Amino acid sequence: MTLTNTKIFPVLLFLMALPMTAQTISSKLVDAKTQKGIPYATIQYGEHKGVITNDEGRFSFSLDETAAPDSIYISSMGYSKKGFTLAQLQDSLVFLQPKAIELSGVYVFDKELDVDEIIEKMVERVPQNINKAPVKQRFFLRQSEFATINKVDFGFKKSSIAELNKELMDSIAQSIPRNGHHYTESLGDLYKNNGKYKLDIIKAADLYDKNQVGSFEELGERMQTIFTQNIKPDSYLKIKSGIFSQKVQVDSILSDMEKEQAKEAEELAQNLEKKKNSGLVDSQRSAFKELLNELYYNEDSKLDLISKTRKYEFTLAGYTEIEDAGVYVIDFEPKRSSAEFKGRLYINIEDFAIMRLDVQNTERLRNFRLLGITYREVLYKGTMRFAQLPNGKYDLRFMDFTFGRYFAVDRPLKVIEKNKHVKGRRKQNELSLNIDFRMSPTQKWELVVFDQAVVPEDQFSEFKEDKTARATYMPTYDPEFWQGHTIMEPNQAIREFTVEE
């Protein structure tokens with residue numbers, strides 16, 4: 001059977017029209033000498049439009065072919081900026097040649113400043129350089145949470161309740177997952193105005209193991225059943241841990257349980273879906289507040305570089321270019337033990353604005369240990385990049401930030417049920433443990449701003465958030481989920497994420 005010309009012609013038109021809608025470019029940026037991926041490089045495919053490579057050098061973006069640029073420019077610190085055609089970016093690997101940071105003599109100055117004068121001018125110009133006007137930013141935010149359980153040992157010693165035996169306590173310890181991963185990805189528009197945030201979420205994904213959540217809920221229900229079946233309502237519990245002890249009435253515990261169950265039932269009856277839907281926007285707003293609070297110029301930031309410059313030793317390492325602007329490259333490290341960070345600053349030669357900041361802690365930020373409880377803040381590492389807006393001010397364009405902690409409990413725990421309303425001995429039941437628990441949680445944020453613009457004050461105030469936005473749950477990473485959207489490419493761990501049966 002053959003097609004007539006009248007049938008062929010519409011088919012040809014359809015096929016010709018397909019690639020004109022959108023084209024997705026995907027590749028990996030590689031160092032031409034080392035053959036290793038180049039992380040966090042800038043792929044510029046339009047005015048004020050671009051994407052950042054992930055920590056493996058991978059990138060992808062979508063283009064409307066009716067407005068496809070003639071050239072796409074790729075730049076990264078330590079490499080020569082280079083333009084590519086769309087055809088060249090179709091290759092699985094794109095190579096950049098490394099380029100050393102230039103030393104003095106490359107740039108000509110009216111007056112050459114020493115490093116302390118550069119830092120002084122940078123601090124002076126912060127109020128003029130940092131954007132405070134309302135802005136609208138198209139963003140992609142990836143939050144990664146890793147929980148490594150280093151040890152779980154309940155140290156069972158004694159129990160008068162048959163169900164609370166060593167086998168149960170050991171099985172609980174074994175059931176706790178040693179490695180938990182939770183990834184949340186969201187794409188949308190962020191409205192910022194002087195420390196206030198509003199979100200318009202276009203799409204979001206949630207990758208985690210629901211089975212782990214369900215197993216903890218089942219465990220809680222099981223322990224609650226054992227408690228209610230074996231403990232008398234008119235008793236009280238004496239909880240002892242080392243030199244500390246506390247009395248708790250069982251009636252109040254049972255009452256709290258009943259209230260919690262009634263509350264959950266009421267919420268479920270009033271539409272559980274509504275509760276879930278309203279949570280995404282609120283949780284994302286909290287994530288932005290937590291992340292953006294760590295910008296170097298905020299007083300509450302752990303870094304707070306602006307007010308603590310006297311605690312650091314600065315060294316002029318050389319000069320380079322960022323987005324065609326000349327910048328000073330300045331390294332900093334602690335002068336004394338009171339400072340906790342080292343890193344590198346990239347300061348604009350013309351207006352002394354910080355265009356990039358790389359930082360990492362040199363020692364623990366917090367180290368608390370008392371009576372068998374240990375809490376440490378062990379890792380604070382990240383990079384911040386800023387771009388100039390049409391109003392001449394600078395705002396965040398990219399941020400990669402990792403915060404790691406350590407938590408441990410090594411304490412005896414004894415729970416004794418006593419009841420003065422029964423004849424004979426007041427002590428009814430006893431559970432004695434020696435808990436040894438160690439955990440290393442780590443949080444990582446990757447924020448990319450693809451496009452941003454200053455907006456009128458009333459556009460911010462009048463915008464209403466859509467609280468019905470929700471994330472799509474994924475037990476296995478789906479590479480098609482973000483098809484047609486420009487995001488930061490996932491790394492190998494995310495691409496391989498899947499919930500085991």
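Visitor: How many bridges join strand β2 to strand β3?
Guide: This is a predicted model, in which local features need pLDDT of at least 70 and side-chain atom pairs count only at pLDDT 80 or more, whereas totals for chains, interfaces and linings use all residues. Residues are numbered from 1 along each chain as its sequence is written, and side-chain values use heavy atoms, with hydrogens and water left out. Helices (H or I, at least four residues) and strands (E, at least two) are DSSP runs numbered from the N terminus, and two strands pair if DSSP finds at least two bridges between them. Strand β2 (residues 42–46) and strand β3 (residues 49–52) run antiparallel, and the number of bridges joining them is 4.

Visitor: Which residue of β5 stands opposite Thr42?
Guide: Strand β2 is also joined to strand β5 (residues 72–75), by 3 bridges, and these two strands run antiparallel. Within β5, the residue facing Thr42 is Ser75.

Visitor: In the open sheet of 3 strands, what is the average twist from one strand to the next?
Guide: The order in this sheet is β4-β1-β7, with mixed pairing. Its edge strands, β4 (58–63) and β7 (93–96), each pair on one side only. From one strand to the next, the twist averages 35 degrees.

Visitor: What is the bridge partner of Thr24 in β4?
Guide: Strand β1 (residues 23–31) runs antiparallel to β4, and 6 bridges join the two. In β4, the partner of Thr24 is Ser62.

Visitor: What is the C-alpha to C-alpha distance between Gly484 and Gln23?
Guide: Gly484 belongs to the loop between β22 (472–474) and α9 (492–495). Not counting residues up to four places away in sequence, Gly484 touches Thr24 and Ser62, a contact meaning heavy atoms within 4.5 Å. Although 461 residues separate Gly484 from Gln23 in sequence, their distance in space is 7.9 Å.

Visitor: Within what arc do the buried residues of α2 fall?
Guide: In helix α2 (residues 115–124), Val115, Ile118, Ile119 and Met122 are buried, a class defined by under 20% relative accessible area, with exposed meaning over 50% and partly exposed in between (1.4 Å probe, protein chains only). They line one face of the helix because, seen down its axis, they fall within an arc, taken from the directions from the helix axis to the C-beta atoms. An α-helix has 3.6 residues a turn, so residues three or four places apart point the same way. For α2 the arc is 95 degrees.

Visitor: Which residue caps the N-terminal end of α2?
Guide: A polar contact is a pair of N or O atoms within 3.5 Å; within protein, one must be able to donate a hydrogen and the other to accept it, and residues adjacent in sequence count only if both atoms are side-chain atoms. Here a side-chain oxygen lies 3.2 Å from the backbone nitrogen of Asp116, and the capping residue is Asp114.

Visitor: To which side chain is that of Asn348 joined by a polar contact of 3.4 Å?
Guide: Asn348 lies in strand β16 and counts as buried, at 5% relative accessibility. A polar atom of its side chain lies 2.7 Å from the backbone nitrogen of Glu350. The contact of 3.4 Å is with the side chain of Tyr394.

Visitor: Is Tyr40 buried or exposed?
Guide: Tyr40 lies in the loop between β1 and β2, and its phi is near 60 degrees, a positive value in a residue other than glycine. At 12% relative accessibility, Tyr40 counts as buried.

Notes:
Axes are lines fitted to C-alpha atoms, for helices over the stretch in contact, and angles run from 0 to 180 degrees between N-to-C directions.
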